[in-house]
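Hi,

Here is the structure I said I would pass on.

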Amino acid sequence: MAIGVWVLGDQLWSGQSALESCDRPGQVIFIESLNHGQELPYHSQKLVLVWSAMRHFAQELRETGWNVTYKTSVDFKTPLLAWIEQHQITELRVMTPTDRPFANLIQQLDLPCEVTLTPSNRFIWQDQDFLDWAKSRKRLVMEDFYREGRRRFNVLMVGDQPIASRWNFDKENRKPPKGKLNLPEAIWFEPDAITQEVIDWVKQSPALKESQKYWAIEPFCWGVTRKQALQVLDFFIQTRLSAFGPYQDAMVTGEQTMWHAMLSPYLNIGLLHPLEVLEAAEKAFHQNQGVWELNSIEGFVRQILGWREYMHGIYLHMGEDYPSRNFFNHNQPLPAFYWTSETKMNCLHQVITQVKEIGYAHHIQRLMVLSNFAMIAGISPQEVQDWFHTAFIDGYDWVMQTNVIGMGQFADGGMMASKPYAASANYINNMSDYCKKCSYDRRDRTGENACPFNFFYWDFLDRHHDKLKLNHRMGQILFNLTKLSDEERKLIRQKADQWRREHQQTEYRLPSTP
């Protein structure tokens, strides 16, 4: 009996379950599929990150005794069949894919050997443990899940109670970027020979020219090995974690990373495990207790043990129809500026330009600029989700479905979020400096220079009043809507409709969008 292991591009660490299931190093295959890489016009740096990290990890496995086959191919099946025949593989082991479409792809390959899916160990919570927890709950509230995770894994706890007797310091983590911030440097890397080879290949590939229209491929500064990912983790803990909390929601022109950890690309392809990230952060906090503020470490823990684990669990819990949800029946096309960044709205211009350059934006830029605008403007949540999956270097099906369909667009009707995250220009002005250099007037709702965030925000509330009034958290907001005169509501609706007409003529539709 010959056992072979297929290592997928988001499972790149030696402790993953398919590799660990083998008694000794044996046959391993890696496959770069061009078809898979062009299903969407993915960010060029995302392709480079995954394929370079795969090649580096394959090299590491060779050095530890594994017999590694590395193939670039149009599809997955052709090299798999040849490898199975060459090495007489009788059992193919693959760690269960996190993304549902890839799990379905494996089932459809019809390979001439037994296929064993080993349980995924990519997350802190085991899949079945989350499903069992969800079954026991009347509501799937992230805060409840987060507290349960703190207890189960003994993170920032004293006995069965949280440190300082508080679970959540979110209110202390919303400071606007006022005054001199003394922002820390970021850690980036120069491409080595392997990475440069991938960059050159992506640049020259005719099949990937669609991506080249939109995204910058160089300079490419991301890490591509576990050693580099650990350097990023250590750098964050040493230079950023102590001050991470207060300004984690702030946005500043020209500042791409602020105090954020920049760990999600490495977590999402397996170069880091979330539990080791938490352990390193908690250890550093205890070593600096009395010096570091608790709100910074708690805010970081909540993102990893709370939000990230919760997103994955919800993805497991929801059915296959989840990505088609559209609670508000929004169907406007995604505006072209999401691809080009050419818009007079400075906040969107700044964030999209940043995404084009490095494939990254932090969580508030994603939620309260990119997602917020799409929702209040009535853009199709499916087009928004596809764009997020395409544009972000850390974007995968499991994380973008829940974050965009659920959190960002409220397209699931509140299965995840307790209210829509809709906001006018006032929020963006408070949490950023973007409005200072914007062509639009952040105070104006209906004038010639009115900020689109303003007229779309009030139009959104007006259009969906009957649905929103059923949400108890929307009462005060909808009451403010009643203060607008009928004439002003009419002008708001006219402004919104005019903007949609003007931008509907310039949309770009993703190939996957029906």
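This is a predicted model: local features need pLDDT of at least 70, side-chain atom pairs count only at pLDDT 80 or more; totals for chains, interfaces and linings use all residues.

I started with the cysteines: a search of the whole structure turns up zero disulfides, a disulfide being a pair of cysteine sulfur atoms within 2.5 Å. C347 is in none, and the nearest cysteine sulfur to it, that of C435, is 6.4 Å away. C438 is in no disulfide either, with the sulfur of C451 the nearest at 6.0 Å. C347 is buried at 8% relative accessible area, while C438 is partly exposed at 21%. (Buried is under 20% relative accessible area, exposed over 50%, partly exposed in between, with a 1.4 Å probe and protein chains only.)

Residues are numbered from 1 along each chain as its sequence is written, and side-chain values use heavy atoms, leaving out hydrogens and water.

Now the rings. The whole structure has 43 aromatic pairs, counting rings of Phe, Tyr and Trp (its six-membered ring) with centres within 6.5 Å; planes under 30 degrees apart are stacked, over 60 edge-to-face, the rest tilted. F30 and Y70 are stacked, because their centres are 5.7 Å apart and their planes at 15 degrees. F30 sits in strand β2 (residues 27-33) and Y70 in strand β3 (residues 67-73), so this pair ties together parts 40 residues apart in sequence. Helices (H or I, at least four residues) and strands (E, at least two) are DSSP runs, numbered from the N terminus. F30 is buried, at 0% relative accessibility.

W387 and F388 make an edge-to-face pair, with centres 5.4 Å apart and planes at 80 degrees. W387 is buried at 0%, and F388 is buried at 3%. Both belong to a cluster linked by ring pairs, which also takes in F337, Y338, F373, F392, F453, F455, F456 and W499.

Helix α15 (residues 346-358) and helix α16 (residues 363-376) pack at about 115 degrees, with axes 10 Å apart. (Axes are lines fitted to C-alpha atoms, for helices over the stretch in contact; angles run from 0 to 180 degrees between N-to-C directions.) On the α15 side the contact (heavy atoms within 4.5 Å) is made by C347, L348, V351, I352 and Q354, and on the α16 side by Q365, V369, L370 and F373.

Cheers
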